[in-house]
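Visitor: I am new to protein structures. Could you show me how to read some features?
Guide: Gladly, let us look together.

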Amino acid sequence: QADCLLKTCRACRGEMARRPQRERLLVHLAGLACCCAIWTGLNFVVPTFRQGAPAASGASGAWGWQQGPVRKSHTARQALTVDLTGKVAFIAGVADTTGYGWAIARELANAGATIVVGTWPPVLKMFNMALKKKATDEAKKLDDGSLMEIAKIYPLDAMFDVPEDVPDDIKSNKRYAGVEGYTIEECVEAVKKDFGKVDILVHSLANGPEVTKPLLETSRKGYLAASSASAYSLVSMVQRFGPIMPKGGAVISLSYVAAVRTIPGYGGGMSSAKAQLESDTRTLAYEAGRKYGIRVNTISAGPLKSRAASAIGGDGEKTFIERAIDYSVDNAPLDKPLYAEDVGKTALCLLTDLTSGVTGMTMYVDMGLHSMGQSLDSPAYDGLDLKSR
């Protein structure tokens, strides 16, 4: 075989000598490229072939395959080593352990961030008491077995920007008794004094006093209240937290598919407020990105039976959120319930350098429900087994 190969090589050289110089040059260049490709493959694609290496299982002789080093991408390395130690995360709107805000706080704490929370004054005392109970320990447990620590809880009513905005009926309300400094401006100043900065800002709050009313029956006062608490509060918070956020900081809020789809039962102007929130996210991404060098995104989360969502009410048989969950499981591409951790993990990604080039985006975390144009449980599909496909 060696003699045959040698004769063939000599014949090829003779043939090449009779070819024009340009053709010979092209052939030499092609051969060089092939050699480079083979060398690259040996070093980076296939396991390294070394003389004297231990033979692989099933191999024989003194030659064996030895696995070369695995080359991980920069992103993969970062994903394994997300470290938020020294970062301060302010989560606005956390008042229990069942919602998306808590799940986001837990994921950030898992990565080492200092957790600071803003809570609505009427439930502040109740939340503080709940955190001290043993029953809450399971919800506070982190991946390493330790319990999440909240560095400080501030009173925060996102309806009011400055002290002058607070009306007398709120000041004299017994639910606000003994609580001070709960406007957005006062909260930001307190955080600045205590921590000096905020690297991560999470807007996890919304309120529509007339959410159970159809839009046709919603009052101007109720409509504007929903927009103020659920959408403008993000604008106000970015205005005031922006100056104390280092370049590279990140902001995230929570939206709902009602911003772009009609969701019966989600009334009182809340669908309009969510549409405003998503629109403001894009504008704030531009303005805050240019002015402060921070990113602004929102997550359109699927239905979750949190304490706040359960308060929307229903028709007596099921609450609004229970029907929303049932509909999602029956019709979403992924036919399983959404859990708070699903949103928490996505938020963690959007709030770290893993997505340093992503801003102004609405990220759907809803088992794909937003992508569906028709419902699988419609009578129009009777007789077709679409759900198993």
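Here is our talk about the features of this structure.

Visitor: What kind of model is this, and how are residues numbered?
Guide: It is a predicted model, where local features need pLDDT of at least 70, side-chain atom pairs count only at pLDDT 80 or more, and totals for chains, interfaces and linings use all residues. Residues are numbered from 1 along each chain as its sequence is written, and side-chain values use heavy atoms, with hydrogens and water left out.

Visitor: How many helices and strands does the protein have?
Guide: Helices (H or I, at least four residues) and strands (E, at least two) are DSSP runs, numbered from the N terminus. This protein has 13 helices and nine strands.

Visitor: What share of the residues is buried?
Guide: Buried means under 20% relative accessible area, exposed means over 50%, and partly exposed lies in between (1.4 Å probe, protein chains only). Here, 40% of the 389 residues are buried.

Visitor: Which residues have the most contacts inside the largest nonpolar core?
Guide: A nonpolar core is a set of buried Ala, Val, Leu, Ile, Met, Phe, Trp, Tyr and Cys residues joined through side-chain atoms within 4.5 Å. The largest one has 40 residues, and Leu-108, Ile-115, Ile-299 and Leu-351 have the most contacts inside it. Helix 4 supplies the largest share of this core, seven residues. A second, separate core has 28 residues, including Tyr-154 and Ile-244.

Visitor: What does Ile-299 touch?
Guide: Contact means heavy atoms within 4.5 Å. Not counting residues up to four places away in sequence, Ile-299 touches several residues, among them Ile-252, Leu-254, Val-343 and Met-363.

Visitor: How are helix 9 and helix 10 arranged?
Guide: Two packed helices are described by the angle between their axes and the distance between the axes. Axes are lines fitted to C-alpha atoms, for helices over the stretch in contact, and angles run from 0 to 180 degrees between N-to-C directions. Helix 9 (residues 220–241) and helix 10 (residues 270–292) pack at about 15 degrees, with axes 9 Å apart. They are therefore roughly parallel, a term for angles under 35 degrees.

Visitor: Is Ser-227 buried or exposed?
Guide: Ser-227, found in helix 9, is buried, with a relative accessible area of 8%. Leaving aside neighbours within four places in sequence, Ser-227 is in contact with Tyr-232, Ala-273 and Gln-276.

Visitor: How many disulfides are found?
Guide: A disulfide is a covalent bond between the sulfur atoms of two cysteines. The search counts pairs of cysteine sulfur atoms within 2.5 Å, and it finds zero disulfides in the whole structure.

Terms used: Parallel < 35°, antiparallel > 145°, perpendicular 65-115°, else oblique.
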